[in-house]
Amino acid sequence: MGTPIFRTALAAWLVPSAVWVSMMLTWDGLGNDPASWTAWCIGIGGALVAVQAMVIPFAIKPIRIYLRHSPRIALSAFDWAFSTYTVGFLTTSLLPFLIAGAPSRQTALASAALIVPVVFSLFPAGLFFSQRLRPAWLLERYTQHTLQVLERPSEKLGPRHRGGEDRQLSECATALYGLLAQSNNLTHTDREAVVSQVTRLLGTAVYLNEPWSTSFVIRYIHNSLVPLAQRHTGTPLTDDVRRILHGVAGNVQRETGRHVVSAVLSGLTELGTEASDRERTELATAVVDVALDTVALASREVAPDGLARLPARPARSQDHLNILDRAFDFQGRISRYDVLDTAVTAVERLTGPPARPLADGPLARESVALPVRGCQLLSQLVVRLLKKKRWVEYELILAPLAAWARYGLGTGPDRSADLTEREAQRVPYAQELEATATALVTVSTEAFEMGFDHVAREALEGLVTAAADAARTDPTAFIVYARALGKARTAIFRRSQPVVAHDARLADLVMALQPANRRLLEQVNKAKENRKASPALPEAVYLVLHWALRPTVEALPAHEAQALAIARTATTVLGLDREEARGRSAPDATFLNKVHLTIVTGVDRSRDGDPEFALLGAVFPSRLDRPEPSVILHGAASLWALLMSETPACRWGQGHAGWICERVKNTTSFRLGASGSAHASAFVERFRSWAESPWCLSRGHHRHPDIPDGYDLLSLGTRMEPEVGAAHLAQLLRRQQEVREEAIERANWAQYPRNALRNCGVLWGDWPPPPGSPDDPVGRNWHSLKPGELPNRYTHHMGPHRRKDRTYQARMAGRQRVVITEPDGGSRLLRGVSSDLQRTPLHYGGTGISILGDALVRDVLGPWQYCPSCHGASAQMLLPGYCHTCSGSGNHPGLGAAQQAVERSLPGSGHEWDITRSEFLDAIVTMTDDS
């Protein structure tokens, strides 16, 4: 009634009618002859009958249009407006004849005034009812009527009406199906109306959340929509059905939409069986959109470090339901695992595996368009889920990308000489490789930026594994993947603010990637012999070596374990494992020459194209790199084991081994200084002493009985019992606190009250700040400040994100996790690079408490967790560098007792808690007193 077209029609009828009626009623000279009154009435009545006789044939046309759909749809057009106007228009022809029975001047004028409003009503009526000649209005009218029936409250309906609802939905859907089948003969506007009403009807049926309506929608999709589109392949009908399925998926509910979403995804997949490339791309895009919306609906928003400031509260975990969701139905509850699995499989089927074309023609470019788009869609799905902060099974999406990166390597042409440096690749074979690598790099970069470190690790592992497979078989793929690794190194492994959390995350990520990097370096090192000459290969090798051996753009202080892990990886790749020292054959002169050059020069020779120089540089870093004590100790032990395998040359000080001994004897590269323990320094000094007479450690070449066995001299440390180790660790921590107090006193901070120092954050929780914490004011020349100026000056210096101490916060919402808030305001996850299935448990049943306690105590102690003798660089067997203090584990002997102290300080199982680092350290320090 309030539509613009109705208001326009009403105005077009009222204005001329009002003018005519006023003229007839105010005209004094009209109707003065009584003999003409009857003739006027009869004539006007006849004229109206003639007008009606001409209008009726035109009124039959819409009836015929409606009846071609179904009688029930046709009846929906005859509403109260149409009926009222029809009855009123037909009865106006009778009024003049009735008036003629009692003629008068007033009745004659009334008959004359009636003819214009009645005749003129045809124009607004035609304008008003002409819209009903279009199928769009008819479909909306009938669909609206059906939806009103479906949306009536169920408590007002009996069993008889329920059957009517089913029949109403079926009839409406059947009528719409008939129009959809004829959509090729409709105009664009009418076809859009049909698609809109089908989507509206099915969406409402899904939203009803009733078993009968849900089952109807599923049958309608499988038995009607999908077969119809498959019979009309290559027509706009495929796109229409795709939009309908996408719209239906947008109305599902989390608790009951599982089967509908499955039907939609399978329907979209089936539509691509015989579709064109363009249609398959659009179908794959629709699959990704449906999966994104559904997974976002079925999962909670969980920012890994976004809930750090929430107050602690008890909560019950729902994680046990996630596993059961995969096996049971739960009345149709949406399972994000099933949705992602089905969606990824659908994208793989629609876009296909990589084509790996051998030629460069137009057909080859067309063949790679779909796989390239598939990689982009999968990466977009991951990135969009990450931006929505959803913690889901990302490995289901990353696994196909990693598999595509390894697919068909070595089967394509060698086009390494045709690769572009910065712009997009022109070779179709390289375009596929670049698309997969770009997708993995994009995912890893976005995941690390959003705090999902385990997703970044998995994406990078897939890219590194593919590069390792391509190192010996596919130069083109190796170059493309090496450049991608270089971009990832630049984008991810760079320091940012806040520094402490970021550095810790980088170190954890580097440690987690060591197995994959080890295999990559092994393949690169083996491929140096049979590698074909290519101008881009040396640069690719350089990028790979920097990725694996120098991953961080800047050095990460206080993360000694990272440098040691890289050195161990390089040692394994070079075959210098101390575990194999007893049975190793003598190295050749070429390798010994490289060792000699590395130790003598200490120059980075990774750009020479020989990976062994870069690997040796990681094992024996120069003094310019300021290596950690553990790295120096590990390098000395590995070199000692290497030289012992060259006993004939070493005995007489001949060849490259003799030159190495001379260098070791005279150089300062293997001196620990004050940074190393007494046991480690003594071990290195024994190594230097041995370099002066290397023959004394001969084992298999007629050793003199008075000369001691070399392996008896190559160990370090003395055994420390766990009880003694616990006391030693507590004493070490107390000493660190005393050093902190002495530093405060030297900085003239002792003049301030201790509460004032603690309140303004100077004490960082009374303990030394965590390793790597910036802006520690101890040692700064602030002694000139007055006591009242201290809090304001320090607060201004630290900024708004000041923290007093590192805080560990257990969070149960969404995913069990421990959020670590650093002193500089940054936050990270405890064991953030672990996969979702290996997350830190907050329920302490079984081994959960041990897993959580081990992760906590190592993060709390930092560098103090390592053995005080070998700094964590011990060999695992009775071999060169074996440490008796830690029995080869590399851990502090008191680590077990410290872990028990941390576990005892935790609240009950399944609760959220906030505990500072100082509280954990206090518990560790007092563990000996309690015992």
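Trainee: Where is lysine 389 found?

Mentor: Lysine 389 sits in the loop between α17 (362–387) and α18. Helices here are DSSP runs of H or I with at least four residues, strands are runs of E with at least two, and both are numbered from the N terminus. Before we go on: this is a predicted model, where local features need pLDDT of at least 70, side-chain atom pairs count only at pLDDT 80 or more, and totals for chains, interfaces and linings use all residues. Residues are numbered from 1 along each chain as its sequence is written, and side-chain values use heavy atoms, with hydrogens and water left out.

Trainee: Thanks! What is phi of lysine 389 near?

Mentor: Phi of lysine 389 is near 60 degrees, a positive value in a residue other than glycine. Most residues other than glycine have a negative phi.

Trainee: Which other residue has a positive phi although it is not a glycine?

Mentor: Serine 887 has one, of about 55 degrees. Serine 887 lies in the loop between α36 (848–861) and α37 (895–904). With 36% relative accessibility, serine 887 counts as partly exposed, and lysine 389 is partly exposed too, at 30%. Buried means under 20% relative accessible area, exposed over 50%, and partly exposed in between, using a 1.4 Å probe and protein chains only.

Trainee: Back to α18, then. At what angle do α18 and α19 pack?

Mentor: Helix α18 (residues 395–406) and helix α19 (residues 428–450) pack at about 145 degrees, and their axes are 9 Å apart. The axes are lines fitted to C-alpha atoms, for helices over the stretch in contact, and angles run from 0 to 180 degrees between N-to-C directions.

Trainee: Which residues make the contact?

Mentor: On α18, Leu398, Leu401, Trp404 and Ala405; on α19, Thr436, Ala439, Leu440 and Val443. Contact means heavy atoms within 4.5 Å. By class, that gives seven nonpolar residues, one polar and no charged ones. Ala, Val, Leu, Ile, Met, Phe, Trp, Tyr, Cys and Pro count as nonpolar, Asp, Glu, Lys and Arg as charged, and the others, Gly among them, as polar.

Trainee: What about tyrosine 407, where is its place?

Mentor: Tyrosine 407 is in the loop between α18 and α19, and at 39% relative accessibility it is partly exposed. Leaving aside neighbours within four places in sequence, tyrosine 407 is in contact with Pro353, Pro354 and Arg356. Its C-alpha atom is separated by 9.9 Å from that of aspartate 469, 62 residues apart along the chain.

Trainee: Last one: what does valine 684 touch?

Mentor: Not counting residues up to four places away in sequence, valine 684 touches Leu633, Phe670 and Leu672. Valine 684 lies in helix α31 (residues 678–692) and is buried, with a relative accessible area of 1%. Valine 684 and glycine 881 are 197 residues apart in sequence and 9.6 Å apart in space, C-alpha to C-alpha.
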